[in-house]
Amino acid sequence: SEHDVQATVDNIKAGPRVIRFGLTPGWMRRLKDRRNQQDTDNNTTTEMNRVKVQSILAREKDLALALKTPQLRLEAAVPGESVVGIEVPNPFPSTVFLRTVENGPDYQHIISNGGMPVALGCNTSGNPIAVDLQDMPHLLIAGATGSGKSVCINSILASLILSCGPDKLRFLLVDPKRVELTPFNALPHLLTPVIVETDRVLKTLQGVIG
């Protein structure tokens, strides 16, 4: 209202780390000149126009200030919904356990179809999310320090280990830093112990290709 942008909060979804507010753009009255039309005596009339999504996106900094949060994410529009999403950190975050995702319907459905399930976590609604690794022929995990890359890698490995035995799945792990993957050295799924020498990497990869 302070910025003369009409909108209503139609749904609120609280996830384990993020709360999403669903904003529906409102309607604005606009005067329209009708002097060129001969079927009316009035010179002007009003028509209703929906508020532009850009009007909401342009207030990102003001919304962050009003919500007292340094981190704000706007999603326009939310897939499958006719709302603009405003995501803010949950002030009372909860831990997402790997077992919770594995017991979810997505993970179990992938197993029943013979896939390779990967537990990703929970969405903004708190529902468990899992994907099939076979549907991702190329996978890149990137992010800033402390954003959760190592947690993601460990979750992927743990998900595959719990769903596939060593008779169906084999690993080749490379860890020159000697900190991320060396704890997996005891796995029966490994083709060879975790490779930590950089001069062995190329030869080993060529052997896999062969």
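Is Arg-20 buried or exposed? I looked this up first in my notebook, keeping in mind that the model is predicted. Arg-20 turns out to be buried, at a relative accessible area of 6%.

**Entry: the partner of Arg-20.** I found the side chain of Arg-20 in a salt bridge with Glu-81, at 3.1 Å from N to O. Arg-20 sits in strand β2 (residues 18–25), while Glu-81 belongs to the loop between β5 (73–75) and β6 (84–89), so I noted a link between distant parts of the chain, 61 residues apart. Glu-81 is partly exposed, with 26% relative accessibility. Lys-13 comes in too: salt bridges with shared partners join Lys-13, Arg-20 and Glu-81 into one network.

**Entry: Arg-73.** With Glu-87 the N to O distance is 3.0 Å. Arg-73 is in strand β5 and Glu-87 in strand β6, so this pair ties together parts 14 residues apart in sequence. With Glu-75 the distance is 3.8 Å, N to O. Arg-73 itself is partly exposed at 43%, whereas Glu-75 is buried at 17% and Glu-87 is buried at 12%.

**Entry: backbone angles.** Most residues other than glycine have a negative phi. Asp-4 lies in the segment before β1 (7–14). Arg-178 also has a positive phi, near 65 degrees. I located Arg-178 in the loop between α5 (149–163) and α6 (198–209), where Arg-178 is partly exposed at 49% relative accessible area.

How values were computed:
Residues numbered from 1 in each chain as written. Predicted model: local features only at pLDDT ≥ 70, side-chain atom pairs only at ≥ 80, totals over all residues. Heavy atoms only, no water. Helix = DSSP H or I, 4+ residues; strand = E, 2+ residues; numbered from the N terminus. Buried < 20%, exposed > 50% of the residue type's maximum accessible area, 1.4 Å probe, protein only. Salt bridge = Lys/Arg side-chain N within 4 Å of Asp/Glu carboxyl O.
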